[in-house]
Amino acid sequence: MENISRIKEKCVGCKSCEQSCPKHCISMVENKEGFWYPSVDEKSCIECKVCLKKCPVENTGFHRNEPHKVWAWRNKNDVDIMCSASGGAADSAAKTILQMGGVVYGAAYDEQLAVSHIEVTDEAEREKLQSSKYVQSDPKDSYTKVKQRLSEGKRVLFTGTPCQIAGLYAFLGGNPENLYTVDLICHGVPSPKFFKKYLEYQNKQTAGRVIYFNFRSKDKRGWGTQYLLKTKTKTKTKTLSLDRYGKHFIDGDCYRESCYQCAYANTSRVGDLTVGDFWGIAKSHPNFNSLKGVSSVFVNTEKGQKLFEMMRVLAE
């Protein structure tokens, strides 16, 4: 139990321990800030330490790779790129795997605008994964589902923050052949509770319930950092740096404690591909710049190179 207490200080909230515990004696509970941390039922615990073996905090050196190449990516499909935060690289990877009969996991809003990882098996659902959600996504039982789909011989793509990808590899105990991963250039994560309170604040400001929220809308100004929210009767857009939630996010004063000592915030990547905004491309490669957005793509592994080539073929 002493080891669990030590892990709590650096816990990333990936829920790999909860999903791997054979006796189901670990549950994730919210702290006062709204972040998830493991709680152990000491009466049920047999101290097998499986939870520690499946914890990314205890396996920070597992599946780390230096980028082989870095590319700029711009989706040629106008609909898809306008629904993506930048150049649509993660969405292109998802589309590629789906067209090969695979399964994709990524962060999506539910009807209450809570963010969690969902399973996507067709094009109609893929749009739920598009664009950024600047809040910690609840992995729920996605690792368990990934393991099941892999056992069925399915190709699987998992997208998420580096610590979530690390949690998945630790949970699986290896790198299955049919698993592809895309990690994000992460800025840190606010808690779901903080985002929920923010939506309640917006409900009061707009005198109506927010039914749609996009942190990175391109509807008004193109590629940038403007959010868009909708109620049944109103539409509102604002630059994130001028918004209450957005300013705290950009200033980095509302993150999970582990984000301030993140073992994954460096160039040694856990994902097969790493994606993010290609800020500064107007200066470095002005001919490739676009107001619709451009992604940076780090190719970190041989599987990442294979996936990237498949994305290029599909994009032609």
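**Salt bridges**

Modeller: Start with a network: salt bridges link D80, D91, K95, E123 and R126. This is a predicted model, where local features need pLDDT of at least 70, side-chain atom pairs count only at pLDDT 80 or more, and totals for chains, interfaces and linings use all residues. Residues are numbered from 1 along each chain as its sequence is written, and side-chain values use heavy atoms, with hydrogens and water left out.

Colleague: What is a salt bridge here? How many salt bridges are there by this rule?

Modeller: A side-chain nitrogen of Lys or Arg must lie within 4 Å of a carboxyl oxygen of Asp or Glu. That rule gives 14 salt bridges.

Colleague: Which parts of the chain does the D183 and R269 pair link?

Modeller: D183 and R269 form a salt bridge, N to O 2.9 Å. The pair joins distant parts of the chain: D183 is in strand β7 (residues 179-184), and R269 is in the loop between α10 (244-251) and β11 (273-277), 86 residues apart. Helices (H or I, at least four residues) and strands (E, at least two) are DSSP runs, numbered from the N terminus.

Colleague: Is D183 buried or exposed?

Modeller: Buried means under 20% relative accessible area, exposed over 50%, partly exposed in between (1.4 Å probe, protein chains only). D183 counts as buried because its relative accessibility is 0%. R269 is buried too, at 7%.

Colleague: How far apart are the closest N and O atoms of K247 and D251?

Modeller: They are 2.7 Å apart, in a salt bridge. K247 and D251 sit 4 residues apart in helix α10, so about one helical turn separates them. K247 is partly exposed at 45%, and D251 is partly exposed at 46%.
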